[in-house]
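Keep the sequence and the 3D view open side by side. This report goes from the whole chain down to single residues.

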Amino acid sequence: MTTAIEGDIVGAYNNVQYKRIMNILKKKIIDKKFLALIESGFKAGIEERGKFTEIEKGVRGIASPILFNIYMHEFDVWVIDYLSAYLKGKNKKEGRIDKAYSETYRKMKNKTDNFKVRQLQKYRKKQEDGKYWVSNILEYAKNKKILRKINSQKLKTKSIAQNRKLLRFSYTRYADDWIILTNANIETCNTIKKEVREFFKTDLHLEL
């Protein structure tokens, strides 16, 4: 991962929309009395020094962390689905693969693999002919030296072609703090950030 996308939500707990969170709760909870109890808690308002204030949005009290996590879980589901589909599309369009070896490294790897295959074939032939155990110490030492030289050159060669490397991501959230890590370039990250901002605005009615 080479880039982090991280953002804060403006007044996160205080801007939870009651109608939206009730719809979210109804997806999993069928107990109407329990739902009514939660809703009445939202509408209870605040009384301070004899003055009562109605509250139109926001979660407060001891249940607020749980309710806010339920609210933000909508983002968890969306962001993983969105990033999986978006990066999968880019990988396919740009012909990216899991082991995107550079051309030079690929040639070195093929050279090593072919050398090993040839030696294995010779080993098996000598086994069949009953000659393997005669005296091949010098040949074995010579082959090991050649293989060491090839591997040494391979280690000095840049192995990954960045423009063909598979794009990946990692997402983590704790309460209203979240972070996306990816190996995508800045332009792609800006597109992701724009979509994240739009989701918060239109679906959860929160400002990034």
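**Basis.** This is a predicted model in which local features need pLDDT of at least 70 and side-chain atom pairs count only at pLDDT 80 or more, while totals for chains, interfaces and linings use all residues. Residues are numbered from 1 along each chain as its sequence is written, and side-chain values use heavy atoms, with hydrogens and water left out.

**Overall make-up.** The protein has 6 helices and 5 strands. These are DSSP runs, numbered from the N terminus: helices are H or I with at least four residues, strands are E with at least two. From the N terminus on, the order is β-α-α-β-β-α-α-α-β-β-α.

Of the 208 residues, 31% count as buried. Buried means under 20% relative accessible area, exposed means over 50%, and partly exposed lies in between, with a 1.4 Å probe and protein chains only. The accessible surface comes to about 14800 Å². Carbon and sulfur atoms hold 54% of that surface. Accessible areas come from the Shrake-Rupley method with a 1.4 Å probe; for residues, only the protein chains shown count as cover.

Contact means heavy atoms within 4.5 Å. Among contacts between residues at least 6 apart in sequence, 76% join residues at least 24 apart.

**The core.** A nonpolar core is a set of buried Ala, Val, Leu, Ile, Met, Phe, Trp, Tyr and Cys residues joined through side-chain atoms within 4.5 Å. In soluble globular proteins, nonpolar side chains tend to be buried together. The largest core here has 36 residues, and Phe75, Trp178, Ile180 and Phe200 touch the most other members. Five elements each supply at least two residues: helix H1 (18-28), helix H2 (32-43), helix H3 (64-93), strand E5 (177-182) and helix H6 (186-204). H3 gives the most, with 9 residues.

Which residues does Phe200 touch, not counting residues up to four places away in sequence? They are Ile9, Met72, Phe75, Trp178, His205, Leu206 and Leu208.

H1 has its own buried set: Tyr18, Arg20, Ile21, Met22, Ile24 and Leu25. The buried residues of H1 pack against H2, H3 and H6.

**The second largest pocket.** On a 1 Å grid over the protein atoms alone, a pocket is an open set of points where a 1.4 Å probe fits, with protein on both sides within 12 Å along at least five of seven lines; lining residues have an atom within 4 Å of a point. The second largest pocket has a volume of about 270 Å³. A volume is the space filled by probe spheres set on the points, which are joined across faces, edges and corners.

Of the 16 lining residues, Ile38, Gly41, Phe42, Arg60 and Leu67 are the closest to the centre of the pocket. H2 and H3 each supply at least two lining residues. The largest share, 4 residues, comes from H2. The lining divides into 11 nonpolar, 4 polar and 1 charged. Ala, Val, Leu, Ile, Met, Phe, Trp, Tyr, Cys and Pro count as nonpolar; Asp, Glu, Lys and Arg count as charged; the others, Gly among them, count as polar.

**Single residues.** The table lists the exposure of selected residues.

| Residue | Relative accessibility | Class |
|---|---|---|
| Val59 | 4% | buried |
| His205 | 40% | partly exposed |
| Asp177 | 42% | partly exposed |
| Phe52 | 46% | partly exposed |
| Arg49 | 85% | exposed |

Val59 is found in the loop between E3 and H3. Leaving aside residues up to four places away in sequence, Val59 touches Tyr13, Val16, Ile21, Phe42, Ser64, Leu67 and Phe68. Val59 and Asn14 are 45 residues apart in sequence and 6.1 Å apart in space, C-alpha to C-alpha.

Asp177 sits in strand E5. Beyond its neighbours within four places in sequence, Asp177 is in contact with Asp8 and Thr172. Asp177 and Ala12 are 165 residues apart in sequence, yet 9.8 Å apart C-alpha to C-alpha.

Phe52 lies in strand E3 (residues 51-53).

Most residues other than glycine have a negative phi. Arg49 has a positive phi, near 55°, and lies in the loop between strand E2 (46-48) and E3. His205 also has a positive phi, near 55°, and its place is in the segment after H6.
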